[in-house]
Amino acid sequence: MTPHNSQPATPMKSLIAEAVAYGNNENESLDEKAQKALECPCIADLRNGPCGIQFSDAFLCFLKSAAEEQGSDCVHPFVALQNCIKANPDAFSKDILEEEVKKEEEPAQEYRIIPPKWSRESPRANPKL
């Protein structure tokens with residue numbers, strides 16, 4: 001299966017994909033699949049760390065999400081997870097947080113707005129109609 005976007009997978013996205021595949025059994029209910037995915041050894045460090053409860057809540061919400069854009073109805077659990085990660089940055093390896101660190105380091109793009117030539121022309125005293 002090929003991803004729909006051409007962006008390289010981040011370490012976090014790779015872990016999530018592996019966990020989802022770990023719990024993917026067509027004969028199980030959504031709750032059973034989600035619980036099995038949460039048991040994947042690939043996310044054990046996240047699940048057992050200082051933000052384990054927040055991670056588990058956000059991950060289960062994402063897996064069970066029925067929203068058109070999966071996970072878009074899981075804002076609160078993800079905000080709680082993000083707050084916990086910010087409060088415990090040393091508890092996570094750099095490659096797990098790599099995507100977030102890069103976003104913070106990127107300088108904001110500055111744009112110069114150039115008005116169109118017609119807007120700089122002086123208005124005529126007697127416009128012709």
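Me: What makes the span of helix 5 close to the expected one in this predicted model?

Reply: In this predicted model, helix 5 covers residues 75-87 and has 13 residues. The distance from its first C-alpha to its last is 18 Å, close to the 18 Å expected at 1.5 Å a residue.

Me: Which residues of helix 5 are buried, and why are they said to lie on the same side?

Reply: Leu81, Cys84 and Ile85 are the buried residues of helix 5. They cover an arc of only 100° around the axis, and therefore they sit on the same side of the helix. An α-helix has 3.6 residues a turn, so residues three or four places apart point the same way. On the other side of helix 5, the exposed residues are His76, Lys86 and Ala87.

Me: What do the buried residues of helix 5 pack against?

Reply: Their packing partner is helix 4, residues 52-64.

Me: Which residues have the most contacts inside the largest nonpolar core, and which helix gives the most to this core?

Reply: The largest nonpolar core has 20 residues, and Ile43, Phe55 and Phe59 have the most contacts inside it. At least two residues of this core come from each of helix 1 (11-22), helix 2 (30-38), helix 4 and helix 5. Helix 4 gives the most, with five residues. Ile43 touches Leu15, Ala19, Ala37, Leu38, Phe55 and Phe59, when residues up to four places away in sequence are not counted.

Me: How many disulfides does the structure hold, and what is the pairing of the bonded cysteines in sequence order?

Reply: The structure holds three disulfides. With the bonded cysteines of the protein chain numbered in sequence order, the pairing is 1-2, 3-6, 4-5.

Me: What makes cysteine 40 and cysteine 42 a disulfide, and why is the disulfide called right-handed?

Reply: The cut-off for a disulfide is sulfur atoms within 2.5 Å. The sulfur atoms of cysteine 40 and cysteine 42 are 2.4 Å apart, and the two form a disulfide. The torsion about their S-S bond is about 130°, so this disulfide is right-handed. Cysteine 40 and cysteine 42 are buried.

Me: Why is the disulfide of cysteine 51 and cysteine 84 called left-handed?

Reply: The sulfur atoms of cysteine 51 and cysteine 84 are 1.9 Å apart, and these residues form a disulfide. The torsion about the S-S bond is about -95°, so the disulfide is left-handed. This pair links distant parts of the chain, 33 residues apart: cysteine 51 is in the loop between helix 3 (44-48) and helix 4, and cysteine 84 is in helix 5. Both cysteine 51 and cysteine 84 are buried.

Me: Why does cysteine 61 count as partly exposed, and why does cysteine 74 count as buried?

Reply: Buried means under 20% relative accessible area, exposed over 50%, and partly exposed in between. Cysteine 61 has 22% relative accessibility and therefore counts as partly exposed. Cysteine 74 has 1% relative accessibility and therefore counts as buried. These two cysteines form a disulfide, with their sulfur atoms 2.1 Å apart. The link is left-handed, with -90° about the S-S bond. Cysteine 61 lies in helix 4 and cysteine 74 in the loop between helix 4 and helix 5, 13 residues apart.

Me: Why does aspartate 45 count as exposed?

Reply: The cut-off for exposed is over 50%. Aspartate 45 has 71% relative accessibility and therefore counts as exposed. Aspartate 45 is found in helix 3. The C-alpha atoms of aspartate 45 and phenylalanine 92 are separated by 8.7 Å, while the two residues are 47 residues apart along the chain.

Conventions: Residues are numbered from 1 along each chain as its sequence is written. This is a predicted model: local features need pLDDT of at least 70, side-chain atom pairs count only at pLDDT 80 or more; totals for chains, interfaces and linings use all residues. Side-chain values use heavy atoms; hydrogens and water are left out. Helices (H or I, at least four residues) and strands (E, at least two) are DSSP runs, numbered from the N terminus. The expected span of a helix is 1.5 Å times one less than its number of residues. Buried means under 20% relative accessible area, exposed over 50%, partly exposed in between (1.4 Å probe, protein chains only). The arc is that of the directions from the helix axis to the C-beta atoms. Contact means heavy atoms within 4.5 Å. A nonpolar core is a set of buried Ala, Val, Leu, Ile, Met, Phe, Trp, Tyr and Cys residues joined through side-chain atoms within 4.5 Å.
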